[in-house]
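Please keep the structure open as you read.

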Amino acid sequence: MAGLVTILRSGAWLTRERVRLIAGGIAIASLAGLIVLLATADGLNDRLGRPLGTDFSNVYAAGTYVLDGEPAKPFDPPAQQTREQAIFGAATPFYGWHYPPFFLALAALLATMPYLLALAVWQGATLAAYLWVIRGILNRHPLPAEGMRLWLLLALAFPAVFINLGHGHNGFLTAALFGGALLVLDRRPILAGVLFGLLAYKPQFGVLIPLALIASGRWRATTSAALTVIAMTVATTLAFGVDIWAAFLASGRFTRTVVLEAGDTGWHKIQTVFAWARMWGAPVPLAYALQAIVAIGSAIAVIRVWRSGASFADKAAVLLIGTLLATPYSLDYDLMLLAPALAFLATDMMRRGAEPSAEPWEASLLAALWLMPLVARTLAQVTLVPLAVPIMVTTLLFVLRRTRREPLPLAAAQRPA
C-alpha cells in the first residue's frame, strides 16, 4: 500500500506508453459503441426506440417550430413532446427544451436540414471547434514533441467526448466558447467578451465569469460580454417578439421543479452537490443550501485567484472547475468544460518541466479528472455518489493551495484592461 501511495504521489506511473494505451483503449471501445449504435438503428431511432443523438431531438424539434412560425411552442412541454413524437414516432420519450430563446435561431438553422445530416453537421462542427481550442491552449507554451503527438488522442478519447456524441449534445460548443474566450482573453479581450457573451445560451455556466473579469480588471472583456448579451437579447426579441421571454420564464418552473428538484432526468446523470444531496434524501431547501455553500466557496476561490499573481493556467482552471461546481444543474456531458481546464493545467505542468510532476499528486489528480466522466454516471447510479464533485473539489483545493505560494496582489499596472 505504501508503494502504491508513493507511485500515485509522484505520478511516476503515468508514462507516455501507459497514457497512450489507456486513451487508445477508451477511444477504440467508444468508437465501437457508436458504430454498433448506428448499425443497429432503425431509421432515425436506435434499437431502443430513442432518436439517434437523443437530446439533439429536442433541438431539432424546437427548430421545426421556429420554421413553422411558432417559436414559443418549444417552451410548452406537451407541445414539444407532440412534435418530437411526430418526427420520431409515437413511442419517443420526452426530451425537454430548457434553453433561453437565444438558441432558437441556431435550432431553426439546423432544422432546415434532414435530421441525420443536421446531427452530423452539429456534432462535426462543434467537435472541430473544441479541438481547435484545445490545440490553441497547448500552443501557448512550447511542448515536447512527444507530448504534442499525444494531444489529439487525449482530446478525442476524453470520455466526455463520447457522452456528447451519444447524446448529440452541446458540450463541444460550450467547451469551445469558454476555452476559446480564455485562450484569447489577454490578446483579444473584445473577442473574448463576445465568446463569453455567447455562453448565455447556457446561463448556469455564466455566473462566475463576471466575477473573474471584474476581479482582474479586465474591463474591455467585461463590457464586450455585456454588450454581446444585450445584442442577442434585442435580436431575439425583434425576431420572435416580446412574448418569447414570457414563454421562457414560464417554462423555467417546469425545468426547476420536474427536471432538477424532482430528478426526472435521473440524479445519477446530474453531477452536482444539489443532486448528491437529493439522492441521499435531503429536502429541496437543504439541497439548495448545500449547493449555495459550494457556489459561494467557488466564487471566493475565483475572486481570490483572479486577483492574485497566479499563473493564467491556474486562473483558467479555477474558473472552469468552479463554474461546474457552482451550478446545481450540470450533467455528465457538461463535464466537457473540464477539457480546457485539463489542457491549461497539463500545459503548465509540462512548462514547469514536471514529468513526473514536481507537485506531489498533480499528475495522478489530472489523470483522475480526465478518466472520471467514464464512470461518473454509472458510479452515481450504484453508490449514490456523483464522483465528479469530490474529484473537482479536490482539484480546486489543490490549485488553490499552489496559488497560495504565488504573490497575492496583482499590481494594478499589470492588470489587463
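## Rings and helices in contact

Trp306 is buried, with a relative accessible area of 0%; buried means under 20%, exposed over 50% and partly exposed in between, with a 1.4 Å probe and protein chains only. This is a predicted model, where local features need pLDDT of at least 70, side-chain atom pairs count only at pLDDT 80 or more, and totals for chains, interfaces and linings use all residues. Residues are numbered from 1 along each chain as its sequence is written, and side-chain values use heavy atoms, leaving out hydrogens and water.

The whole structure holds 23 aromatic pairs. Rings of Phe, Tyr and Trp (its six-membered ring) pair if their centres lie within 6.5 Å; planes under 30 degrees apart are stacked, over 60 edge-to-face and the rest tilted. Here are two of the pairs:

| Pair | Centres apart | Angle of planes | Kind |
|---|---|---|---|
| Phe75 and Phe248 | 6.0 Å | 65 degrees | edge-to-face |
| Trp306 and Phe312 | 5.8 Å | 70 degrees | edge-to-face |

Phe75 is in the loop between helix H3 (56–67) and helix H4 (77–88), while Phe248 belongs to helix H13 (residues 243–261), so their pair ties together parts 173 residues apart in sequence. Helices (H or I, at least four residues) are DSSP runs, numbered from the N terminus. Phe75 counts as buried at 5% relative accessibility, and Phe312 counts as buried at 12%.

Elsewhere, ring pairs link Phe56, Tyr60, Phe88, Trp97, Tyr99, Phe103, Tyr115, Trp122 and Tyr201 into a cluster.

Note on methods:
Helix = DSSP H or I, 4+ residues; strand = E, 2+ residues; numbered from the N terminus.
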